[in-house]
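Please read this note with the structure open beside it.

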Amino acid sequence: MKLSSNTIQQWNNLVSTSVLGLDRNGEYADDNVRLEFMNKIAALSVINKSGATAGKCSDVSLNIFSEPENICSQNAADNLREILNNNFNEMLTEWCLIASSNDIVVPPEYLPDIFESAMKLPEKQRYVIQRVIGKRGQWLSLHNARWKDVFVIKELSEEQWLTGSREERLALLKHLRVISPAKARGLLEQTWPEETPDDRAAFLECMKAGISLDDEDFLEQSLDDKRKPVRTAAADLLARISGAKLCQRMSARVKELIKYQPVQKGLLKKKKAEIEVTLPDIKDKELLRDGADPVKAGKMGQKAVAMANIIGMTPLSFWSQYESDIESFIMTCMSSEFSTSFALGFSIAAVRQQDKDWAKVLILNCHARNDDIFSLAGKFAVDISDLISFFEDYEKEEAAQRYLSQYSGSLNFAILDKFLYACDHVWSRDFSSDVIKANQKEFHKCHIGYDKRYMMYLATHLHPSIVPQLENGWPTKSSSFNDRVQTQIDNIISILKFRQQNIEELHSGI
Amino acid sequence: MGNFWTTDKVLELSPDSASVKAAKGLTSLSKWSDLGYSDRAVWGQCKGSGKKPYQTRIDLNGPAFKCSCPSRKFPCKHSLALFLLYANETKAFADTAAPGWVSEWLDGRDHRTEIKEQKAKEASKPPDPEAQAKRIAQREKKIRSGLDEISLWLGDMLRQGLAWAHSQSYSYWNDMAARMVDAQVSGLSGRIKKMAEVSMGDPGWQDTLTAEIGKLYMLIKAYRNIEIFDEDLQADIRSLVGWNVPKEQVLEAESINDTWAVLAQQVEQQDNLKIQRTWLFGKETNRYALILDFAAGNAVLEKTLITGTQIEAELVFYPGSFPLRALIKSRKDNPVIVEAIQSDNNIDMLIESFSGQLAMNPWTESVPAMLGPVRLLPESSLPGNEDVWQLVDSANKCIKISPDFKQGWHILSVSGGDSISMFGLWDGNYFAPLSLFYGSKYYSAVDNPIIGLRGVG
């Protein structure tokens with residue numbers, strides 16, 4: 001039965017009258033009329049309810065997905081549920097990596113929850129989720145507008161450069177820079193004059209991948225752009241190309257400004273290496289065009305910052321003509337009154353040029369020695385995490401292990417934290433063991449028991465097989481080792497055991 | 001040893017997620033000693049912080065739990081852990097005679113059951129008819145006076161207008177609801193509280209509140225003229241107003257033997273009272289039954305019915321034009337995993353049956369129904385609309401899914417968009433899914449963050 005328009009009209013009239021009140025309508029002054037009104041409401045409320053009809057579905061085209069997939073065991077799924085319920089994002093990443101290496105996917109009933117968890121993860125971590133959602137996950141996310149953009153592997157076409165959204169164009173440019181840098185640059189040159197300044201700066205950011213001398217002419221032109229963010233981005237890119245004219249111009253400036261006198265070995269006396277610095281003219285228009293921005297940063301003056309920028313845009317290979325031993329050269333520079341400019345400039349250059357040799361020496365001789373070295377540099381500060389960001393995981397661990405062995409007994413846990421937080425992967429057994437030993441040996445300085453974030457970080461990054469070492473070796477008789485510390489160590493152990501069980505479940509297959 | 005109990009079923013018994021976490025931490029065999037089982041029970045001793053281990057035991061006929069730990073949670077983490085171990089590490093349990101501390105407890109339980117049955121028999125003896133008639137007459141008087149008061153209140157509200165009522169504070173509604181409790185018409189009190197909720201929070205409050213007034217007025221009028229209706233509708237009206245049928249009287253009604261599938265279980269908190277609604281479906285009789293359990297304050301709800309299982313049981317129904325509420329008079333042994341139910345009820349049949357039900361009892365709020373084969377589909381693929389769901393049958397007829405339903409994507413993921421049999425409640429506007437069968441598996445669609453959507457079977 002379908003409700004007639006007359007019934008609907010009657011009901012609407014009754015509702016309007018009820019809302020406004022019967023006293024406003026002279027028609028309802030009589031008691032009997034009011035009772036009749038109530039009877040009508042009663043009758044029509046039932047008629048309304050019983051009169052519902054089924055609709056006709058206009059779109060039943062949703063295709064059925066029925067492909068079988070290798071789904072993980074129920075125990076592994078239970079562990080995943082616990083990880084999702086507790087928002088253990090690091091363990092989620094670990095779960096997904098092990099599952100994908102065993103070619104197994106999450107059970108269908110977990111897909112929506114894992115999608116929602118992944119939406120909260122940083123973009124670069126989402127790729128691991130993509131590997132365990134299987135074809136069913138791809139199919140499901142296609143039907144949800146929020147998940148579709150994140151989890152559906154999109155075919156990128158060059159047409160999108162002209163027709164796509166800003167995000168699609170950025171994704172296309174990033175993708176093309178990896179497989180065909182020239183093609184990507186060509187697309188960008190084609191539409192460059194019409195792009196907004198914000199977009200121009202964002203597009204240049206995408207060019208870091210595949211950067212080479214072929215990009216130089218385009219980037220040189222961008223140094224004359226009206227907008228500063230575009231000029232800064234172009235200068236940063238040019239400084240990554242060691243043969244670029246900008247680097248040569250910077251090298252020439254360095255030659256003028258920095259005089260170096262290497263170690264002189266006399267018959268009787270050895271004279272130390274010396275370095276003499278003349279700060280740059282910050283009104284030099286050519287220097288400004290090249291991006292050596294003389295802004296004040298922290299407590300560094302404009303000239304000191306400009307000097308750091310010049311050093312940061314000079315190829316690190318340039319300095320070998322002064323001194324072949326990187327460590328000796330850096331130590332000489334650090335004895336100069338402009339040590340902060342040198343430390344900052346060398347660190348920026350090491351990151352830009354991804355020079356691991358320089359980075360390792362800088363870490364141990366500048367950053368590990370004094371965690372306050374960049375307090376003067378403000379927003380320009382370069383951290384240990386920046387310097388090892390381009391290292392392989394094992395190289396990151398080696399850098400931290402060098403610090404642990406070189407500074408054993410006098411560790412600065414604020415510096416150790418920087419290494420550990422930069423090692424954002426599951427640590428090897430050896431490295432885990434070294435970290436635990438350091439915490440046990442210098443327990444009075446470490447954060448165990450006092451910093452919950454640190455405890456959770458250890459629990460999710462230590463190698464799960466390290467449990468026996470965690471169960472013993474603590475200075476339990478020390479006055480600072482109390483019940484709270486023991487509880488937190490027990491928590492780490494129980495999470496590590498959970499991870500171990502999880503790994504075993506996932507390796508045992510479907 | 002055939003073990004019916006799985007991790008999921010055990011976790012369903014958990015009082016909260018903290019207990020699950022604590023119990024999982026105790027599932028290491030190294031913490032347990034003297035693990036054993038029999039046809040009736042499971043037991044073990046768990047190492048705690050004290051010198052003596054905790055003695056934990058489970059009566060599988062129930063299940064019922066007992067532990068020597070001081071926890072106030074029920075079941076405690078030791079009981080849950082023991083049950084989880086039994087579900088997953090059955091080989092670690094010795095098939096042996098129950099030790100004294102287990103058998104004594106089981107004997108005590110049996111003894112208490114006997115006493116309870118004896119008391120029930122005694123209680124079923126007819127009370128003094130004269131005293132009873134007097135009590136009923138007194139209550140009737142109170143009810144009639146309550147009905148007069150609420151009629152006046154409704155009339156005043158309508159005269160001043162619902163817009164005026166909408167602007168009133170909660171106490172306007174709450175005071176009248178409290179007066180109806182005093183007048184022993186708790187059913188009407190509940191309706192007034194519902195009206196308050198509609199007025200305070202429903203975006204379409206004008207229509208809903210008008211309809212609620214209509215139904216309340218109709219109920220008052222029906223009660224005043226109750227003698228003109230047939231017995232079944234009289235029972236409905238009396239129940240809606242607040243008369244309870246004594247349990248003993250219900251147990252005397254004709255019982256129905258069947259294999260009952262436990263289709264769904266919902267727990268709702270109302271003030272200080274937990275209400276558990278368990279939906280059963282008789283596989284031979286094709287009828288639904290609703291078992292209600294209540295627990296006040298910190299008391300624990302009985303968890304003897306496990307969703308995704310079926311039991312052989314004898315049920316008795318409360319009287320009414322469409323009897324749903326039932327009591328379990330007796331049941332056989334342990335539950336077994338439910339066998340899939342393939343429905344052939346389409347959407348037109350559902351709507352027709354609801355209209356028929358409304359014709360018999362115009363206060364019907366919703367009806368239980370198993371629909372199938374149906375597809376659960378997002379109503380639109382437009383962004384922002386993806387959480388609006390519909391059920392579509394094989395004739396492409398569709399009904400809307402309740403906007404409160406949160407498991408749409410989980411079910412779509414499990415079914416792959418394929419046809420399912422879905423059980424739920426239809427209120428004339430929306431279908432509220434409670435469970436489903438896909439292939440041979442049962443899934444509870446009631447939101448459960450501890451175990452999520454999980455297949456059984």
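**Notes on the two chains**

1. Start with a turn in chain B. The hairpin of β16(B) and β17(B) has 2 residues between its strands, and Gly439(B) there takes a positive phi near 60°. Keep in mind that this is a predicted model.

2. Now the strands on either side of that turn. Strand β16 covers residues 430-438 of chain B and strand β17 covers residues 441-444. They pair in the antiparallel sense over 4 bridges. Tyr438(B) has Lys441(B) in β17(B) as its bridge partner. Ser435(B) has Ser444(B) as its bridge partner in β17(B).

3. Strand β17(B) has a further partner to look at. It is joined by 2 bridges to strand β18 (residues 455-456) of chain B, and the two run antiparallel. Here Tyr443(B) stands opposite Gly455(B) in β18(B).

4. Go back to β16(B) and look at β15. Strand β15 spans residues 420-426 of chain B and pairs with β16(B) in the antiparallel sense over 6 bridges. The hairpin of β15(B) and β16(B) has 3 residues between the strands. In that hairpin, Gly428(B) takes a positive phi near 95°.

5. What is the sense of the pairing between β14(B) and β16(B), parallel or antiparallel? They run parallel, joined by 2 bridges. Lys400(B) has Tyr430(B) in β16(B) as its bridge partner.

6. Gly55(A) finds its bridge partner in Cys398(B) of β14(B).

7. The wider interface comes next. The contact takes 51 residues from chain A and 59 residues from chain B. Together the chains bury about 4600 Å² between them, with 59% of it on carbon and sulfur atoms. On the chain A side, Met38(A), Lys49(A) and Glu109(A) lose the most area to chain B. Those three account together for 14% of what that side buries.

8. Polar links cross the interface too. The rule finds 20 residue pairs in polar contact between chain A and chain B, counting pairs with both residues at pLDDT 80 or more. Several elements of chain A each supply at least two residues to the side that touches chain B, among them α1 (5-20), β1 (55-56), α3 (74-85) and α7 (134-142). Which element gives the largest share of that side? It is α2(A), with 11 residues. By type, the residues of that side divide into 26 nonpolar, 13 polar and 12 charged.

9. Across the interface the rule finds 3 salt bridges. Glu82(A) forms a salt bridge with Lys24(B), with the closest N and O atoms 3.1 Å apart. Over all chains the count comes to 42 salt bridges.

10. Another salt bridge sits within chain A. The side chains of Arg146(A) and Glu116(A) meet at 2.3 Å, N to O. Arg146(A) lies in helix α8 and Glu116(A) in helix α5, so the pair ties together parts that are 30 residues apart in sequence.

11. Chain B also holds an open sheet. Its 5 strands come in the order β4-β3-β2-β1-β5, with mixed pairing. Strands β4 (64-67) and β5 (94-95) stand at the edges, each with a single partner strand, so one side of each is left without a neighbour in the sheet. Inside the sheet, β1 (residues 32-37) is joined to β2 (residues 41-46) by 4 bridges, and the two run antiparallel. Trp32(B) stands opposite Cys46(B) in β2(B).

12. A helix crosses this sheet. Helix α3 (residues 77-88) of chain B lies across β1, β2, β3 (54-59) and β4, running at about 60° to β3(B).

13. Some backbone details are worth a look. The peptide bond from Phe74(B) to Pro75(B) is cis, with omega near -5°. Pro75(B) is found in the loop between β4 and α3 of chain B. The bond from Gly372(B) to Pro373(B) is also cis, with omega near -5°. Pro373(B) belongs to strand β12 (residues 367-378) of chain B. In chain A, Asp103(A) has a positive phi of about 55° although it is not a glycine. Asp103(A) lies in the loop between α4 (89-101) and α5 of chain A.

How values were computed
Residues are numbered from 1 along each chain as its sequence is written. Chains are lettered from A and ligands numbered from 1 in the order in which they are written. This is a predicted model: local features need pLDDT of at least 70, side-chain atom pairs count only at pLDDT 80 or more; totals for chains, interfaces and linings use all residues. Side-chain values use heavy atoms; hydrogens and water are left out. Two strands pair if DSSP finds at least two bridges between them. Contact means heavy atoms within 4.5 Å. Axes are lines fitted to C-alpha atoms, for helices over the stretch in contact, and angles run from 0 to 180 degrees between N-to-C directions. Buried area is the accessible area (1.4 Å probe) that two parts lose on being put together, summed over both. A salt bridge is a side-chain nitrogen of Lys or Arg within 4 Å of a carboxyl oxygen of Asp or Glu. A polar contact is a pair of N or O atoms within 3.5 Å; within protein, one must be able to donate a hydrogen and the other to accept it, and residues adjacent in sequence count only if both atoms are side-chain atoms. Ala, Val, Leu, Ile, Met, Phe, Trp, Tyr, Cys and Pro count as nonpolar, Asp, Glu, Lys and Arg as charged, and the others, Gly among them, as polar.
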